[in-house]
Amino acid sequence: MMKSKKQTIALVVLIALSLPAAVAQDTEAFPFWLPKEKPDRELSAAMNRNYEAYDAPRPEDNELYTQFRYTELKGFDYNNYDGTITRRDPSKVIYENGKYYVWYTYRNTKVKPVGLRRAAEANDTIPSSDWDLSEIWYATSEDGFTWEEQGVAVPRPPKPEVGWRSVTTTDILKWKGKYYLYYQGFMEASGLRGDDCPVAVSYADSPDGPWTAHGEIVIPNGAPGEWDQYSIHDPYPIVRDGKIYLYYKSDADGDPRLVRMQGLAIAEDPLGPFTKHPLNPVINSGHETTLFPFREGVAALVIKDGNEHFTIQYAPDGVNFEIAAITELMPIAAGPYVPDAFTNTDYGKGITWGLSHLAPAFGWDPLVSILMRFDCDLSLEVDDPEMKAHGYYHADPNFYYQHGLSKKQRERIKKGQEAKGK
Ligand code: AAL
């Protein structure tokens with residue numbers, strides 16, 4: 001309902017008149033103007049939380065709240081997306097030699113994957129999962145939008161070395177002038193029992209390599225019966241407290257629905273030994289790992305799985321994470337550009353962009369994943385009000401209809417209606 005010019009002026013005058021009173025708002029009910037600080041009055045659990053759990057009572061002022069914007073990348077060919085070439089699970093982006101570097105899982109197979117459920121059909125040329133029979137490749141960029149693929153960084157080692165079946169899901173660490181790539185090292189086709197693998201590492205004096213495989217497992221699977229007994233995924237190192245804090249994901253429970261949680265392993269040397277934190281898991285939700293130093297602590301993007309999916313979390317000690325913001329359309333398997341990831345900073349500045357993936361990109365057959373760029377404002381050095389908006393507007397009903405009812409769900413509804421004699 002359009003307000004008349006007169007009505008608008010009246011409202012502005014009213015607000016202006018009541019403004020001074022607003023500051024010193026001694027109202028019976030909760031005041032109209034949202035107090036920036038926690039008001040000295042009895043508050044509901046929700047209002048208490050609004051002042052206790054978040055950086056600010058409004059998401060616009062919450063440094064750990066953001067929306068995400070996406071850009072298609074230039075420079076990568078996917079063979080008409082026929083499933084023979086895939087790029088996924090990008091590492092953090094680093095800036096060296098005047099350009100940006102990123103590493104990722106690269107599969108180039110004669111045929112498309114058969115899928116996890118048909119892993120028994122996989123062989124030396126037929127991949128099971130989208131990340132089976134893969135290598136770690138890298139690309140560089142001047143601007144983070146157009147990338148030049150440079151080729152292989154870590155190839156599959158000969159059998160029976162760790163990773164002979166597939167080397168995937170890598171992340172980069174810079175430590176004392178040397179570079180380290182941590183990655184999942186598969187010794188069997190993913191899907192045979194589960195997505196089982198430990199973590200291995202390769203090192204180099206330059207981001208352009210050559211990379212030397214350490215050839216040993218650095219983050220082993222947990223003991224039988226432990227939460228991370230089968231899979232150590234998405235190794236993600238940052239430097240904190242003069243040590244390497246490596247976060248990782250594991251797939252637990254499996255009734256058969258898997259629960260994804262994240263753990264922490266700490267080392268004083270990139271080649272280990274890594275000690276798993278006694279409080280693991282330290283994040284009870286999420287999927288791929290994405291973290292960055294923030295203020296005196298560590299912030300985490302927690303996507304997709306678990307009670308706390310699609311939250312941004314913060315731990316002042318890098319261990320005890322609490323929800324700091326709730327958002328949507330978060331980047332999947334985000335590899336952010338984190339300028340202070342390896343500087344041993346005691347006051348992290350945050351992030352504004354990175355690469356992520358969509359896996360699979362165009363439905364489940366053929367299985368092909370693509371890389372994309374995301375931008376956001378989770379930085380203490382940027383103030384982008386557009387990124388602090390909330391509630392995406394999906395201006396296409398098909399955005400919703402593509403998430404339609406399954407046949408089984410329709411049958412359940414129909415049965416329910418028949419039971420009501422409708
Ligand atoms: C990803 C990551 C790991 C899993 C698979 C490939 O999203 O969590 O890398 O193994 O899926």
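**View 1. Residue classes in the shell around the ligand.** The shell residues comprise one nonpolar, four polar and six charged. Here Asp, Glu, Lys and Arg count as charged, Ala, Val, Leu, Ile, Met, Phe, Trp, Tyr, Cys and Pro as nonpolar, and the others, Gly among them, as polar. The model is predicted: local features need pLDDT of at least 70 and side-chain atom pairs pLDDT 80 or more, while totals for chains, interfaces and linings use all residues. Residues are numbered from 1 along each chain as its sequence is written, and side-chain values use heavy atoms, without hydrogens and water.

View 2. Polar side-chain atoms lie 2.3 Å from a ligand oxygen atom in Glu288, 2.5 Å in Asp195 and 2.8 Å in Asp234. Of the 270 Å² of accessible area that the ligand has on its own, the protein covers 96% (Shrake-Rupley method, 1.4 Å probe).

**View 3. The pair Phe32 and Trp33.** The structure holds 21 aromatic pairs (Phe, Tyr or six-membered Trp rings with centres within 6.5 Å; planes under 30 degrees apart are stacked, over 60 edge-to-face, the rest tilted). Phe32 and Trp33 are edge-to-face because their planes stand at 85°, with centres 4.9 Å apart. Phe32 is exposed at 67% relative accessible area, and Trp33 is partly exposed at 33% (buried is under 20%, exposed over 50%, partly exposed in between; 1.4 Å probe, protein chains only).

**View 4. The pair Tyr100 and Trp353.** This edge-to-face pair has 5.0 Å between centres and 85° between planes. Tyr100 in strand β4 and Trp353 in strand β20 are 253 residues apart (strands are DSSP runs of E, at least two residues, numbered from the N terminus). Tyr100 is buried at 15%, as is Trp353 at 7%.

Conventions
A polar contact is a pair of N or O atoms within 3.5 Å; within protein, one must be able to donate a hydrogen and the other to accept it, and residues adjacent in sequence count only if both atoms are side-chain atoms. Helices (H or I, at least four residues) and strands (E, at least two) are DSSP runs, numbered from the N terminus.
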